[in-house]
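Thanks for making the time, everyone.

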Amino acid sequence: MGEFRGFMQDALEEARAAASRGEVPVGAVIVRDGKVLARAGNRMRELTDPTAHAEMLAIRAACAALGSGRLTGCDLWVTLEPCPACAGAIAAARLSRLYYGAPDPKSGGVHHGPRVFDHPQAHWSPEIYGGIGEETSARLLRDFFAARRG
């Protein structure tokens, strides 16, 4: 097995790009065997689509790239704890591992709120690693919202 390589910097690049488009700065990448299959940032405003979260877009792109609705053996790196809808999509896609940056006590669905993967009806649960690049991810979000209130 090769040396572990994190991909949070790639997700943060997507989050910064989302912020530059006026979107909430969340970025996601999906990786298999050390190679990025898909990357995305939030595009809800741009696409006028409330489901165009970074995770959803990355999952769709990775499934298209693999020609499969299952992403077993793939890792999702995302800058913010996924919301309940994204957690449901992660389960449906059967992603093997979830790495996320900042926790989301207000809207999270993994370690906060409904804790989707802990629910008895959860059919799949990835390995979960929170707090990866947490400070950078949280600062990006704080700065974005502070500028909008400014």
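Let me start at Leu98, which, if we set aside residues up to four places away in sequence, touches Leu76, Val78, Pro82, Ile90, Val110, Phe117, Pro126, Glu127, Ile128 and Tyr129. Please keep in mind throughout that what you see is a predicted model.

Leu98 also belongs to the largest nonpolar core, a group of 34 residues in which Leu98, together with Ile30, Ile59, Leu71 and Leu95, is among those with the most contacts inside the core. In general, nonpolar side chains in soluble globular proteins tend to be buried together. Here, at least two residues each come from S1, S2, H3, S3, helix H4 (84-93), S4 and helix H5 (134-149), and it is H3 that gives the most, with seven residues. Apart from this core lies another one, made of ten residues, including Ala11, Val29, Val31 and Leu140.

Now to the sheet. Five strands make up an open sheet with mixed pairing, and their order is S2-S1-S3-S4-S5. Strand S2 (35-41) and strand S5 (127-129) are at the edges, and each has a single partner strand, so one side of each is left without a neighbour in the sheet. From one strand to the next, the twist averages 15°.

If you look at strand S1, residues 27-32, you will see that S1 runs antiparallel to S2 and is joined to S2 by six bridges, with Arg32 standing opposite Lys35 in S2. Helix H1, residues 8-20, packs on the sheet, where H1 touches S1, S2, strand S3 (74-80) and strand S4 (97-102), and the direction of H1 makes about 45° with that of S3. Helix H3, residues 54-66, packs on the sheet as well, touching S1, S2 and S3, and the direction of H3 makes about 145° with that of S2.

Is Glu55 buried or exposed? Its relative accessibility is 4%, and because buried means under 20%, Glu55 counts as buried. As for what surrounds Glu55, if we leave aside neighbours within four places in sequence, Glu55 is in contact with Val26, Ala28, Leu76, Val78, Leu80, Pro82, Cys83 and Cys86. Finally, Glu55 and Arg39 are 16 residues apart along the chain, and their C-alpha atoms are separated by 8.7 Å.

Terms used: Residues numbered from 1 in each chain as written. Predicted model: local features only at pLDDT ≥ 70, side-chain atom pairs only at ≥ 80, totals over all residues. Heavy atoms only, no water. Pairing = 2+ DSSP bridges. Helix = DSSP H or I, 4+ residues; strand = E, 2+ residues; numbered from the N terminus. Axes fitted to C-alpha atoms, helices over the stretch in contact; angles between N-to-C directions. Contact = heavy atoms within 4.5 Å. Core = buried A, V, L, I, M, F, W, Y, C linked by side-chain atoms within 4.5 Å. Buried < 20%, exposed > 50% of the residue type's maximum accessible area, 1.4 Å probe, protein only.
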